[in-house]
Amino acid sequence: MIRFISVRILQLIPLGFGITVVMFFLIRIVPGDPAKMALGVWATPEKVARLRADWGLDRPLWDQYLTFLNQLFHGDLGYSYFYRKPAAEIVLERLPPELFLIAYALALTILVGVTLGVVAALRRERLPDHLIRGVMMAGLSLPAYWMGIILLLFFGLWLRILPVGGYGDSFPDHLLSLFLPALTIALGMAPLVIRALRASLIETLQADHVDMARSKGLPQFVVLVRHVIRPALIPTVTVLGINIGLLIGSTLIIESVFAIPGLGNLMVSAVSSRDFPVVQAVTLNFAVLVVAINLLTDVVVAYLDPRARQAMLA
Amino acid sequence: MDLRRPGFAAALLAAVMGLSACAGGGPTTTNQAGGACPNKGGKLTFARTADVSNWATQANNPTIWAWPLVNLPLVRNNKDASGLDAAAAKSWETSSDYRTFTFHLRDGLKFSNGAPITSADAVDSFQSAMADPGYAGNFPDGTVFSAPDARTFVIKLKDPQPAFVENLLSQVGIYPKGSKFADMYTKPLSSGPFILADWQKGVKAVLKRNPNYWNQPYPCLDEVDLVVVGDSNTQSLQVQAGQVDIAEEIPPSQIASLKSASGVTVPTFPTLAMSLIRLQKTKQPAFQDKNVRLAMNYAIDKEAIIKTVLFGVGAPVNSVLPRTKFWDKSNSPYPYDVAKAKQLMAQSKYPNGFKTTVLTASGDSVENGIATVVKQQLAVIGIDVTIQQVEAGTKFQLRNDKKYEMFMTNTSADQIDPEVFFWFCCAEGYNIGSAWTDYHNQQVDDVFAQIQKEGDPTKRAALFKQEQDLTWADAPDLYINFIDATLAIRSNVKGFILPPTRHHYLEFVYKT
């Protein structure tokens, strides 16, 4: 297992390099001069040129990139043009709400997805299965923006039992404030988990080793836990891993609707103001999160299924 | 002056070279000095679409509007943008040659730490501001600041500028002598009604009452929290739920339902902003033809746009000027007259019409709603418009590079005197060719040269009237509506005013 993890980490080195290239050059392709944006359109060309020189924007792109890499290796993500403080500091301030939201959404997804997935598989083609699949289709079809507003209206304004957006100041506040955004995300992701889990459970329930376990007289619960759930979880974990990666990108909309001070919100404002260091720092964080989750997914799958471990190493 | 919508950019500082306005001196109104708070204490939560970028300079609209909360300029725009109020200066004089401006500071002025504010602090602050990139280009070269005594502050310019005080001095704060200007960006030592106690950038700014504010017993509130809520729908829900006291921006479509919500008032305030479509005359030669421009203005039903897209909020534009001082309110908007528009097109060099493109910000429902109506109505007179939606930052860059044909935008005056705005929009100011449109009219430029030198208010008004008549007959752009700001405010919030400049003067606000 240690060898597996080491190989996977080594494979990330070229990936990390590619990410730095893409994120550095992509934002610079988009029209918009940070110095002009900072100074306003009335600024004289001399003052714009001076600020560009101060920020190193007058140097060739490759030179700027090398400087960026050098700073990155020293843990320096640059200085925000807009907020006038280190970009890493700004990102660190926004990271806790981001991670809290992702973890919360993941927990709700697993809770809802695994429970309903197991019920749908065990009650296959019966009323609970049909109901769950119906709700699942609705969850997949409704856009997160609309779903978020409806949840806010219902729980925040009509019932008044949950806050209308925001992040709160304490841990209990965070739990309450982030419940609706996490639920909005979970309602979008849980159907994918339910579908994957239901399909693999149904397949596993028909496997020979399960018949064998039943024929030995093992109770249904034991058969499920020992012989069905573990193999059935493998495709589910993969689906979940891929979708968490997508979820990190989509938090942008959720954070906007629910006024959560996460990285998605920061990214939008940084792109608008062409705050290159902050855009780079946020992109890097997103990239690290996605890569870490993919790695974790591979490790979990490898743990659950030794055959997969061998295949990945090969 | 072209605004960016929520969360973005640039309402701009007014610059300053060669400006005009009223001579003489002294405040035109007073500033509620020595009043009383009907109720004292409490916290106000104010939901705003975007955060302040720094607390010292006028970087963009969200920054400009919140700036007076922790800063005390020498003078400030009054609440209906008709003149200036005294602030740090209790009075001032302008020399007859419009080169020397003398300010008399109030007695007993203090910073929030209790240290006295003197004219030496003002000299140092203005010199720092002049050198700061945030004020790039705003002070003319050769400006000299001096402090003949502890309460007198003098500014001397190389060239005469009749409107110097109105155009710039409400935008520079005073900080302790020797302090680093850049430090004031994030940790300003307050001279305004509130102190910045905590600032989570992009999230929330917590402002506490400044016990050393000159105008006691104000502010009435103990605390103001400026919270960033980017989505206007969420702002609207939060104010209804009582989670915030004021929502800065509510979607036009929700105004009616909010008005019927309990515990919420929905006042509308006029602003110095307008919506229009800029016409780039070099990129699209058809826009050089005056008949084409006039035809376009007659072909658009402004009332219908206000009714359907803006849900009744706003008024048709009747001048190239926003509703500033010297705005000609007697002028009429271009009426919706398709027959006249067709006749003008027939008289133009483009009787069979032409194809063009209008640039809008993606995701901006108001801009795109207006653009859709414009597209349909211009098609009737043979102009085939394609709507091109781009990201807001990209849109403004394309404008700056003049790589557009039609540019949907909001524009606003940041000063109550319209000289800077007029220079920007119509008299080729800032070397950008009349707000990036390449509009040129020599007669307009000639009259403007007179305005720059004229300090007499009556003569100045006559010259601005002449300019408005000349440019309106020329129709440099396609004019839509004056913008009114609609806010949602909890009913227990009293004393709130929103001046047309949209500055946050919250010291008079109290809660019941």
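Residues are numbered from 1 along each chain as its sequence is written, and chains are lettered from A, and ligands numbered from 1, in the order in which they are written. Because the model is predicted, local features need pLDDT of at least 70 and side-chain atom pairs count only at pLDDT 80 or more, while totals for chains, interfaces and linings use all residues; side-chain values use heavy atoms, with hydrogens and water left out.

The interface comes first. Here 40 residues of chain B are in contact with 36 residues of chain A, contact meaning heavy atoms within 4.5 Å. Between them the two chains bury about 3200 Å², 59% of it on carbon and sulfur atoms; buried area is the accessible area (1.4 Å probe) that two parts lose on being put together, summed over both. Nine residue pairs, both members at pLDDT 80 or more, are in polar contact between chain B and chain A. A polar contact is a pair of N or O atoms within 3.5 Å; within protein, one must be able to donate a hydrogen and the other to accept it, and residues adjacent in sequence count only if both atoms are side-chain atoms. On the side of chain B that touches chain A, the elements giving two or more residues are helix H4 (183-186), helix H5 (232-241) and helix H11 (392-400) of chain B. H5(B) provides the largest share, six residues. By residue class, this side of chain B comprises 18 nonpolar, 15 polar and seven charged residues. In this division Ala, Val, Leu, Ile, Met, Phe, Trp, Tyr, Cys and Pro are nonpolar, Asp, Glu, Lys and Arg are charged, and the others, Gly among them, are polar.

Two salt bridges link chain B and chain A, each defined by a side-chain nitrogen of Lys or Arg within 4 Å of a carboxyl oxygen of Asp or Glu. Arg274(A) forms a salt bridge with Glu391(B), with the closest N and O atoms 2.8 Å apart. Arg274(A) is found in the loop between helix H12 (263-272) and H13 of chain A; helices (H or I, at least four residues) and strands (E, at least two) are DSSP runs numbered from the N terminus. Its phi is near 55°, a positive value in a residue other than glycine. Arg274(A) counts as buried because its relative accessibility is 0%; buried means under 20% relative accessible area, exposed over 50%, and partly exposed in between (1.4 Å probe, protein chains only).

Elsewhere in chain A, Asn285(A) belongs to helix H13 (residues 276-304) and is buried at 18% relative accessibility. Apart from its neighbours within four places in sequence, Asn285(A) is in contact with Val91(A), Leu95(A) and Leu263(A). Helix H9 (residues 179-205) of chain A has a kink of about 35° at Met189(A), shortly before the proline Pro191(A). The bend at a residue is the angle between axes fitted to the seven residues ending there and the seven starting there. Of the 27 residues of H9(A), 21 are buried.

In chain B, helix H12 (residues 419-426) is largely enclosed by the rest of the structure, because eight of its eight residues are buried. Among them are Phe421(B), Phe422(B) and Trp423(B). Glu428(B), which follows H12(B), has a positive phi near 60°.

The loop between strand S10 (204-209) and strand S11 (223-228) of chain B contains Pro217(B) and also Pro219(B). The peptide bond from Gln216(B) to Pro217(B) is cis, with omega near 15°, and that from Tyr218(B) to Pro219(B) is cis, with omega near 0°.
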